[in-house]
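I opened this entry to record what I looked up, in the order I looked it up. The structure goes in first, and my notes follow.

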Amino acid sequence: MSLSSEQSEGRRPVVARLMFLLLLFCGTICTAMIVPFMSYFLVEGLGHQPWIISVYAAMAISLTLVANRQFARRIDAGARVFPLVGLAAAGFVFAAGSLALMPTLWVVLSAGVLGFGISSSAVSTMFSLGGSIAERQAMDRVRFNAHMRATTSTAWMVGPALTFVIADGFGLRAVFGAGLLAAAAWIALWWTSLPRDITARAGGQAATAEAEAVPGQLARLPREVWLAVGFVFCLSTAHSLTFSALPVFYVQEVGLPGSAPGFAFSVKTFVEVFAIFSTPWVIARIGMWRALLAVTGLAIVTIQLLAMVQSFGQMLAAAALEGLYYGFYASLGISYVQSFAKAMLARATALYWNTLMVSGVMAKPCCGADRAGL
């Protein structure tokens, strides 16, 4: 074999991983464009009362939780991932297309809930598949998880900002048209880069033995997975409560300008990406469990400092600390849960993402009750 052929063979795994991350980015940016926009669209665009946001969110998130669970069971049983990602992309096109044509409440609560609810399952599915890809290419799973988390964080840094620029310049309805263009890139990458027969079933003798221990039935998740998820839930709830309360706190309590929360979010996300990429190095030096304890301590200190912010500069410094602890936690948390999963990687991954979603949903009414003095 010639040198050029050997170099070509060596590049193929790298190209495959880059295409996978690009596919993840496109799918995530579709979600990131729509999720924060729907609340604004329902109230400002359609003129409904804010309580309708809770109705839509409860319906869409409930469907996503169910879809994550059902897709994960199929993936752990050896089902092909290609059609599941395609179904998520089709759901987004269906919802965005329906709202671009008929932007009404009943379309939001029917096509919007169905399409966006199913499309949000793509992230969990891709993270389940990512662990299998890392295993097949002899790449450290923690390192590839960090790459995937950085990809999703970057998409969330770009998506919401792009959405409101489009809404301000071209109108609210144009956001759904832009979403369709992003979905077209998502579908094109899905069709050209994701193998038709690829699965995300865990490999290895121990995993195979566990998967086949009960013929015709999937084994239960180990107790350690549930304990790890409980830890993730506690830390995620603390972050969600803080994140939901900060915009109002900065503007109404501290007296900062209305643009301040946006600056804080940008700084947080910027630092978060660097923290995510540093996670494999941190784990190699001190181990995952010690790293998690250190991150928990940093979270406690950061939340206290956030509550003490009195100026714009202090806000930016506290936002950087928030991005530091959340970046480490985001990358460590999923790797920690997956480390106990064995043959049930997809279900453990889906449980992780469902936990993040549930904690986020719980945080908003809790913050509202606190503001009301309850």
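**Fold and contacts**

I started with the contacts in the protein chain that have a separation of 6 or more: residues 24 or more positions apart account for 83% of them. The model is predicted, and I read every entry below with that in mind. I then went through the secondary structure and found 13 helices and zero strands. Read along the sequence, the pattern is α-α-α-α-α-α-α-α-α-α-α-α-α. I also looked up burial. Of the 374 residues in the protein chain, 47% are buried.

**Nonpolar cores**

Next I asked which residues touch the most other members of the largest nonpolar core. They are M38, F116, F176 and W186, in a core of 90 residues. Helix α1 (residues 3-45) supplies the largest share of this core, with 12 residues. Leaving out residues up to four places away in sequence, F176 touches I34, F37, M38, F41, A96, L99, A100 and F116.

**Helices α11 and α12**

How do I describe two packed helices? I use the angle between their axes and the distance between the axes. For α11 (residues 288-307) and α12 (residues 312-338), the axes come within 9 Å and cross at roughly 150 degrees. Angles over 145 count as roughly antiparallel, so α11 is roughly antiparallel to α12. The crossing of α11 past α12 is left-handed. I listed the contacts too. On the α11 side they include M288, W289, L292, V295 and L306. On the α12 side they include A318, A319, L321, F328 and Y336.

**S124**

Is S124 buried or exposed? S124 has 4% relative accessibility, so I logged this residue as buried. Its place is in helix α5 (residues 122-136). Which residues is S124 in contact with, leaving aside neighbours within four places in sequence? I found N68, T349, A350 and W353.

**Cysteines**

I searched the whole structure for disulfides and found zero. C26 is in no disulfide, and the nearest cysteine sulfur, that of C30, is 7.0 Å away. A disulfide needs the two sulfur atoms within 2.5 Å. I checked accessibility for two cysteines. C26 has 11% relative accessibility and counts as buried. C234 has 53% relative accessibility and counts as exposed. The cut-offs I used are under 20% for buried and over 50% for exposed.

How values were computed:
Residues numbered from 1 in each chain as written. Predicted model: local features only at pLDDT ≥ 70, side-chain atom pairs only at ≥ 80, totals over all residues. Heavy atoms only, no water. Buried < 20%, exposed > 50% of the residue type's maximum accessible area, 1.4 Å probe, protein only. Core = buried A, V, L, I, M, F, W, Y, C linked by side-chain atoms within 4.5 Å. Helix = DSSP H or I, 4+ residues; strand = E, 2+ residues; numbered from the N terminus. Contact = heavy atoms within 4.5 Å. Axes fitted to C-alpha atoms, helices over the stretch in contact; angles between N-to-C directions. Parallel < 35°, antiparallel > 145°, perpendicular 65-115°, else oblique. Left-handed = near helix turned anticlockwise from the far one by under 90°.
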